[in-house]
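Please read the following numbered points alongside the sequence and the structure, which are shown next. Each point takes up one topic.

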Amino acid sequence: MYLEGGDDLRVKYYRGSFYPFKVLSYLEITNVIIGNITIFYGGNGCGKTTALNVIAEKLGVRRESLFNSAKFFPEYLTLCRFAVPDTRETADQRARRFAGIQDTNLPTASRIITSDDVFDHCMSQRRFNTDIDRQRADAEERYNAVMSRSHINPLEEYEAYKERAEAMKSRSAFVRKRICQEADEHSNGESAMLYFSERITDPGLYLLDEPENSLSFENQRTLADMIEELAATGRYQFIIASHSPVFLAMRDALIYDFDHVPVKTRKWTDLDGVREMFGFFKEYEHLFEEY
C-alpha cells in the first residue's frame, strides 16, 4: 500500500496547515505491507493514527465517529495507492489500479474502531441509564398522584379511572410500563471490551486505533487473544495503532516502528518503549522477589 505520492505546488506554497502532507513522508514511509496482524507502533504524535486514518479512508471502511480530516485530506488520498496481491490480475486491472480506479472488494464487516468510538459508547450508555432514572422518578411521581385521588367517576373520567385501576394492581408494573428497559451497567473497561467483541464479528479488515486506552491489562490480554485466534483463521486482518506491549507481543505481528526514521519493521522486544518498561520492572525486581 502506497501512503504518499509526489509534491503538489498548492501544498508547497500554502501558508496554513497542509496536514496530512509531509507527516508520513517525514518518516520516510511510502510502502506498507499488511499482514494478518499489522501494528503501527510509536509514541504520541508519531503519525501512526494518521497512517491508520489514511488507510481507512482510502479503502472506504465503515467508521462511526468523525475525525479531523483537514483541508488537504481528500487531495492526499488521490495520491495514495493500494494493491491486493492477486496472481490472476489482468493487465487491464493492473492499469486501472495504478490509475487510481480501484475496487477494494473488502468484506462489508470491515471497519475502523477508534478510542473516540469506545469512549462515546461508554458515555452514551451512562446518559441512557441517567435518562432511565429520570423516567423512573417521573413514573413514581405519577403513581403517587394517581393513588392520591380517592374518588373518580368512571363515566366522566374514564382514562383516569383506568389508570388508577392499573396502579392499584401493581406499583412495580405501573412504573415499569412507563420507562424504557434499562441497559446493563458495566464499568468503562467492561463496556469497552463488549464494544470490541460485538463489532469484531464477521470476517473482514479491522483497524483499531489505540485499543488499550479503554482497557485494563486483563482486558487487553483478552482482546489480544481474540485477535490472535481470529487472525489465525486467515479470514480476518487487523491493522492496529498501539504502544501497548500486550498487543505488540501478539504472535506473528508485523510491527512498524514509527519512533525511528526511516520507519522499518522491528521485533517487539527491540522497541524503545518496551525496553524502557522492561527496565522499569527490572529496577523493582527485588520487590517482586519478596512474594
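1. Asp 252 sits in the loop between helix H11 (245–248) and strand S5, and in this predicted model the residue has a positive phi of about 60° although it is not a glycine. Is Asp 252 buried or exposed? With a relative accessible area of 75%, Asp 252 is exposed, because the cut-off for that class is over 50%.

2. Glu 28 is placed in the loop between helix H2 (23–26) and S1.

3. A further backbone detail is the cis peptide bond that joins Val 261 and Pro 262, where omega is about 0°. Pro 262 belongs to the loop that lies between strand S5 (254–257) and strand S6 (264–265).

4. Strand S4, which covers residues 236–241, is mostly covered, with five of its six residues buried. It has strand S1 (residues 37–41) as a parallel partner over four bridges, and strand S3 (residues 204–209) also runs parallel to S4, joined to it by six bridges. Which residues stand opposite Ile 239 of S4? Thr 38 stands opposite Ile 239, and Leu 207 stands opposite Ile 239 as well.

5. How many residues does the largest nonpolar core have? This core has 31 residues, and those with the most contacts inside it are Ile 39, Ile 200, Leu 223, Ile 227, Phe 238 and Met 250. At least two residues of this core are supplied by each of S1, helix H9 (188–199), S3, H10, S4 and H11, while the largest share, six residues, comes from H10. There is also a second, separate core of 28 residues, which includes Val 61, Ile 112, Leu 207 and Ile 239.

6. When its neighbours within four places in sequence are left aside, Ile 39 is in contact with Ile 240, Ser 242, Phe 247, Leu 248, Met 250, Ala 253, Leu 254, Ile 255 and Tyr 256.

7. The structure holds eight salt bridges. In one of them, Arg 266 and Asp 257 meet through their side chains at 2.6 Å, N to O. The two partners can be compared by their accessibility: Arg 266 is partly exposed, with a relative accessible area of 24%, whereas Asp 257, at 1% relative accessibility, counts as buried. Elsewhere, salt bridges that share partners join Glu 64, Arg 111, Glu 198 and Arg 199 into one network.

8. Another salt bridge brings together the side chains of Arg 63 and Glu 57, at 3.0 Å from N to O, and Glu 57 counts as partly exposed at 29% relative accessibility. A salt bridge is also formed between Arg 199 and Glu 64, whose closest N and O atoms are 3.2 Å apart. This pair links distant parts of the chain, 135 residues apart, with Arg 199 in helix H9 and Glu 64 in the loop between helix H3 (48–59) and helix H4 (73–78). Glu 64 has a relative accessible area of 42% and is partly exposed.

Conventions
Residues are numbered from 1 along each chain as its sequence is written. This is a predicted model: local features need pLDDT of at least 70, side-chain atom pairs count only at pLDDT 80 or more; totals for chains, interfaces and linings use all residues. Side-chain values use heavy atoms; hydrogens and water are left out. Buried means under 20% relative accessible area, exposed over 50%, partly exposed in between (1.4 Å probe, protein chains only). Two strands pair if DSSP finds at least two bridges between them. A nonpolar core is a set of buried Ala, Val, Leu, Ile, Met, Phe, Trp, Tyr and Cys residues joined through side-chain atoms within 4.5 Å. Contact means heavy atoms within 4.5 Å. A salt bridge is a side-chain nitrogen of Lys or Arg within 4 Å of a carboxyl oxygen of Asp or Glu.
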